[in-house]
Amino acid sequence: MATLSTINTPALVLDRAIAARNMARMQGYLASVAPGVLFRPHLKTAKSIAVADMLFDGDPVPQNVSGLNERDLAKSKLL
């Protein structure tokens, strides 16, 4: 397993439990202030299929991306 001192950079390093808790908190808050409104986070921030999978639980939902290359990657990996 790679450590912070041996990992190739650039790299996304996060605590999955904290990320999952923050995502659930954000989705819960949005559901409370805008019930029935579809949650559509922007994938540009994470640039990570693993984070997108956590956000969408593998469900094919509308996603925001910043360019055609990100759209193509998200489409091939998430849908």
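I take helix axes as lines fitted to C-alpha atoms over the stretch in contact. The model I am looking at is predicted.

Entry, before the helix. I looked up the peptide bond from T9 to P10 and found it cis, with omega near 0°. P10 lies in the segment before α1.

At the start of α1, I found a side-chain oxygen of D15 within 2.9 Å of the backbone nitrogen of A17. I then checked the length: α1 has 18 residues, and at 1.5 Å a residue they should span 26 Å. The end C-alpha atoms of α1 are 26 Å apart, so the two values agree.

Entry, α1 and α2. I looked up how α1 (residues 16–33) packs with α2 (residues 49–56), and the angle is about 45°, with the axes 10 Å apart. That angle makes α1 oblique to α2. The crossing of α1 past α2 is right-handed.

Which residues make the contact? From α1 I list R16, A19, A20, M23, M26 and Q27; from α2 I list A50, V51, M54 and L55. Sorted by kind, the residues of this contact are eight nonpolar, one polar and one charged.

Key
Residues numbered from 1 in each chain as written. Predicted model: local features only at pLDDT ≥ 70, side-chain atom pairs only at ≥ 80, totals over all residues. Heavy atoms only, no water. Axes fitted to C-alpha atoms, helices over the stretch in contact; angles between N-to-C directions. Helix = DSSP H or I, 4+ residues; strand = E, 2+ residues; numbered from the N terminus. Parallel < 35°, antiparallel > 145°, perpendicular 65-115°, else oblique. Left-handed = near helix turned anticlockwise from the far one by under 90°. Contact = heavy atoms within 4.5 Å. Nonpolar A, V, L, I, M, F, W, Y, C, P; charged D, E, K, R; others polar. Expected span 1.5 Å × (residues − 1). Polar contact = N/O pair within 3.5 Å; in protein donor to acceptor, adjacent residues only side chain to side chain.
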